[in-house]
Amino acid sequence: MSGFFEIESLCSGYGQSEVIHGITMSVQPKEIVAIMGRNGMGKTTFFKTLIGAIKNTQGEIKLDGKNLEKLDAYQRVQSGVAYVPQGRMIFGTMSVLENIQTGLPASAHGKVPDDLYDLFPVLWDMRKRKGGNLSGGQQQQLAIARALATNPKVLLLDEPTEGIQPSIIKDIAKTLKEIRDQRDLTIIVSEQVLSFTMAMADRFLVLDKGRFAYENVKQNVDESTISKYLSV
Ligand SMILES: Nc1ncnc2c1ncn2[C@@H]1O[C@H](COP(=O)(O)OP(=O)(O)O)[C@@H](O)[C@H]1O
Ligand SMILES: [Mg+2]
């Protein structure tokens, strides 16, 4: 294995039902990889397996030379894996500040680094508001800020455009590319919206029933082939 973030023959599922059937992928530092696939193909199960919310039954997960597959979820966070869940999972009754603080390591003593607010100025303006009172786009920024508060090496985003206005979707793509450049971050994003990932990803993989069915780099990607997998 030679990449920065390496997944080898990964299998996982729910009880007797295997959903992820031996996924292998190798991601380079600072690469943005899009995992495309329609509902039920295993995107969320794959990410939950990477973060340790679901245990893998086979295979390996390696980040920056360190094996993660036997570690608990909190240890994977400490090792540099961050996750923006599908639906964002903002704590609605907690303030914006408190939501960000849930992502901070204990060593930060609750102090949010200024550069997080530089990335998302709206979160500074709204830091005392309840998370539940933010718009979908603002909640997505909050979920990304909370994930970045752990200072990750790799950021996993599960369908970040779901429920977001089209006008905001472009901004999210731009921001994520900026974050990648500023922080030398590696990003893996699952999506069904191809126009969004075309605006940010370096490489595309299509997940079909728990296996990769197509892979190509941005320059050579065949959008119509990917679209066929995304339509029902
Ligand atoms: N908690 C669960 N228990 C049992 N099966 C599940 C559970 N969550 C998802 N699945 C099944 O796993 C498969 C993949 O689902 P999921 O990973 O959510 O796909 P996606 O995120 O691509 O929509 C689907 O067949 C789904 O029904
Ligand atoms: Mg999902």
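Solution: (Helices are DSSP runs of H or I with at least four residues, strands are E runs of at least two, and both are numbered from the N terminus.) Before going on, a word on what you're looking at. This is a predicted model, where local features need pLDDT of at least 70 and side-chain atom pairs count only at pLDDT 80 or more, while totals for chains, interfaces and linings use all residues. Residues are numbered from 1 along each chain as its sequence is written, chains are lettered from A and ligands numbered from 1 in the order in which they are written, and side-chain values use heavy atoms, with hydrogens and water left out.

(Buried means under 20% relative accessible area, exposed over 50%, and partly exposed in between, with a 1.4 Å probe and protein chains only.) Last, look at the backbone: phi of Arg 88 is near 70 degrees, a positive value in a residue other than glycine. Most residues other than glycine have a negative phi.

Task: Find out where Lys 30 lies and what its phi is.

Solution: Go to the loop between S2 and S3, where you'll find Lys 30. Its phi is positive, about 70 degrees, although Lys 30 is not a glycine. Then take the accessibility: at a relative accessible area of 31%, Lys 30 is partly exposed.

**The shell of ligand 1**

Task: Work out which residues surround ligand 1 and which backbone atoms face its oxygens.

Solution: First list the neighbours, taking a residue as near if one of its heavy atoms lies within 4 Å. That gives Tyr 14, Val 19, Arg 38, Asn 39, Gly 40, Met 41, Gly 42, Lys 43, Thr 44 and Thr 45. Next, sort them: three are nonpolar, five polar and two charged. (Ala, Val, Leu, Ile, Met, Phe, Trp, Tyr, Cys and Pro count as nonpolar, Asp, Glu, Lys and Arg as charged, and the others, Gly among them, as polar.) By element, helix H1 (residues 43-51) supplies the largest share, three residues.

Now look for polar contacts, meaning pairs of N or O atoms within 3.5 Å. A backbone N or O atom of Gly 40 is 2.7 Å from an oxygen atom of ligand 1. For Met 41, the distance from a backbone N or O atom to a ligand oxygen is 3.3 Å. Gly 42 has a polar backbone atom 3.0 Å from an oxygen of ligand 1. Finally, the cover: on its own, ligand 1 has 560 Å² of accessible area, and the protein covers 55% of that. (These areas come from the Shrake-Rupley method with a 1.4 Å probe.)

Task: Identify the protein donors of ligand 2 and locate them in the chain.

Solution: Donors here are N, O and S atoms within 2.8 Å of the metal (3.2 Å for Na, K and Ca); water is not among the atoms, so sites may look incomplete. The protein gives Thr 44 (OG1) and Gln 86 (OE1), 2.0 to 2.2 Å from the magnesium ion. Thr 44 belongs to helix H1 and Gln 86 to the loop between strand S6 (81-84) and helix H3 (96-101), so the pair, 42 residues apart, links distant parts of the chain. Thr 44 is partly exposed at 22% relative accessible area, and Gln 86 is partly exposed at 22% too.

**Strand S3 and its partners**

Task: Describe how S3 is covered and which strands it pairs with.

Solution: Begin with burial: five of the five residues in S3 (residues 32-36) are buried.

For pairing, DSSP must find at least two bridges between two strands. S3 runs parallel to strand S8 (residues 186-191) over five bridges, with Val 33 opposite Ile 188. Four bridges join S3 to strand S9 (residues 203-208), also in parallel, and there Met 36 stands opposite Val 206.

Task: Give the strand order of the open sheet and name its edges.

Solution: The order is S2-S1-S4-S5, with antiparallel pairing. The edges are S2 (17-27) and S5 (66-67): each has a single partner strand, so one side of each lacks a neighbour in the sheet. To check one end, see that S4 (residues 58-63) and S5 share two bridges, with Leu 63 opposite Lys 66.

Key
A polar contact is a pair of N or O atoms within 3.5 Å; within protein, one must be able to donate a hydrogen and the other to accept it, and residues adjacent in sequence count only if both atoms are side-chain atoms.
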